[in-house]
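I opened this model to look up how its parts pack and pair. My notes follow in the order I took them.

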Amino acid sequence: MQTTSTRQIGAIDIDTAVQLPAPVVELLETLQDRTAELLEASKAPNTWIGYRSDWRGFATWSTSQGYPLPADPETLNTATPHEIVHAYLLVRSPQVAPTTLARHLSAIKFWHHLAGLTSPTDHPTVGQVMTGIVREANRQKRQAAPLYLSEIAAGLPVGNGPKQIRDRAMLLVGWWGALRRSELVGINRQHLEDQPDGIIITLPRSKTDQTGQGRQIPLHYRNDNLCPVRALRTWLELVDGEPVFVRVGKWGDIRHATRTGARTVTDVVKDAADRCGLDVDRYTAHSLRAGFVSECDRRRIPTAAVRAVTGHTSEQMVSSYARPGQLFDHSAGAYFDSGEGLETD
């Protein structure tokens with residue numbers, strides 16, 4: 001068989017000047033289809049979705065700056081590909097978390113390599129800039145002051161309006177669950193499981209949970225106004241829809257379908273710190289997680305019990321096999337006396 005035009009099978013350019021028997025052409029076409037299937041199977045479906053979404057975001061930004069990538073460096077005139085990525089990191093770093101930026105870099109690298117191009121993310125400068133962004137973010141996170149249990153008790157909002165009810169639930173669930181703000185606002189009703197001892201929150205798959213098992217966090221019943229279970233259920237009675245923490249308007253209108261943003265958690269924490277007479281500039285959403293761990297340290301609670309809540313990897317495999325009763329027996333909340341006189345008027 002004599003081919004008449006240049007074609008590509010996978011990454012193989014077929015010279016049409018040579019004669020290819022029909023069975024060979026058929027085999028190459030089959031290999032092309034099979035290669036595409038294997039390439040698709042090499043990544044989890046959610047990974048493909050993420051890579052496509054992250055690449056679109058970067059490509060839209062770079063095009064808007066007049067530097068569409070991927071491109072021949074000689075056509076970019078005043079900038080090289082790695083300088084464009086460098087600029088992107090500087091623009092986006094105040095807007096998104098370092099983990100999100102790292103995911104964007106992975107997508108940029110993946111699509112460049114898939115196209116047979118050298119990725120600008122491999123340039124040393126890009127790696128150094130990213131390292132600086134991560135260190136700066138970690139330094140800021142370490143500076144967040146912890147909110148201890150007595151401060152949570154004193155800082156709970158008073159009143160029965162929708163915002164007060166939501167904010168109480170947000171503070172107590174976030175503190176007792178040692179949740180990051182993204183985890184807290186990402187909770188859906190389907191992630192909640194009622195148990196005799198309280199509620200189990202199952203966090204869905206994350207980048208540190210590639211097997212997709214999720215992470216379970218027990219919220220214990222308490223006999224005081226610091227009970228996260230009763231606070232959460234009181235809020236859920238007012239909310240329709242799947243997202244648990246949704247926006248509340250200025251006049252108390254609940255926007256049932258609109259999940260609250262992560263920034264709201266920081267605002268709620270700062271409001272609690274303000275009610276305690278604390279310096280609000282020292283407190284962020286991370287103060288809930290930091291406060292729980294610091295309080296546990298004060299009380300000499302075993303590290304394994306703390307990790308059963310925080311999800312640090314050394315205990316993650318153990319907790320994934322635990323039954324609901326074991327989750328409550330071996331988590332840090334079991335070490336607290338629910339009648340310790342922290343009630344507020």
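Entry 1: I looked up which residues of helix H7 meet helix H10, taking contact as heavy atoms within 4.5 Å. Lys 163, Arg 166, Asp 167, Met 170 and Leu 171 in H7 touch Thr 264, Val 265, Val 268, Val 269, Asp 271, Ala 272 and Arg 275 in H10. I sorted the residues of this contact into six nonpolar, one polar and five charged. For that I counted Ala, Val, Leu, Ile, Met, Phe, Trp, Tyr, Cys and Pro as nonpolar, Asp, Glu, Lys and Arg as charged, and the others, Gly among them, as polar.

I noted that the model is predicted: local features need pLDDT of at least 70 and side-chain atom pairs count only at pLDDT 80 or more, while totals for chains, interfaces and linings use all residues. Residues are numbered from 1 along each chain as its sequence is written, and side-chain values use heavy atoms, with hydrogens and water left out.

Next I took the geometry of H7 (residues 162–176) and H10 (residues 262–275): their axes come within 10 Å and cross at roughly 95°. Axes here are lines fitted to C-alpha atoms, for helices over the stretch in contact, and angles run from 0 to 180 degrees between N-to-C directions. H7 and H10 are therefore roughly perpendicular to each other, a label for angles of 65 to 115 degrees (under 35 is roughly parallel, over 145 roughly antiparallel, the rest oblique).

**Entry 2: H10 by itself.** I counted 14 residues in H10 and found a reach of 21 Å from the first C-alpha to the last, close to the 20 Å expected at 1.5 Å a residue. The expected span is 1.5 Å times one less than the number of residues. I listed its buried residues (under 20% relative accessible area; exposed is over 50%, partly exposed in between; 1.4 Å probe, protein chains only). They are Thr 264, Val 265, Thr 266, Val 268, Val 269, Lys 270, Ala 272 and Ala 273. These buried residues pack against helix H6 (149–155), H7, helix H8 (181–185), strand E6 (246–248) and helix H11 (286–298). Just after H10, Gly 277 has a positive phi of about 80°.

**Entry 3: a sheet.** I found an open sheet of three strands in the order E3-E4-E5, with antiparallel pairing. Two strands pair if DSSP finds at least two bridges between them. Strand E3 (192–195) and strand E5 (215–220) are the edges, each pairing on one side only. From one strand to the next the twist averages 25°. A hairpin takes E3 into E4 through two residues, and four bridges join these strands; Glu 193 has Ile 200 in E4 as its bridge partner. Six bridges join strand E4 (residues 198–203) to E5. Among the bridge partners in E5, Gln 216 goes with Thr 202 and Ile 217 with Ile 201. Five of the six residues of E4 are buried.

**Entry 4: two positive phi values.** Ala 178 is not a glycine, yet its phi is positive at about 50°. I placed Ala 178 in the loop between H7 and H8. Is Ala 178 buried or exposed? Ala 178 is buried, with a relative accessible area of 0%. Arg 300 also has a positive phi, near 55°. Arg 300 lies in the loop between H11 and helix H12 (303–310) and counts as exposed at 66% relative accessibility.

**Entry 5: totals.** I counted 14 helices and seven strands in the protein; helices (H or I, at least four residues) and strands (E, at least two) are DSSP runs, numbered from the N terminus. Buried residues make up 41% of the 345 residues.
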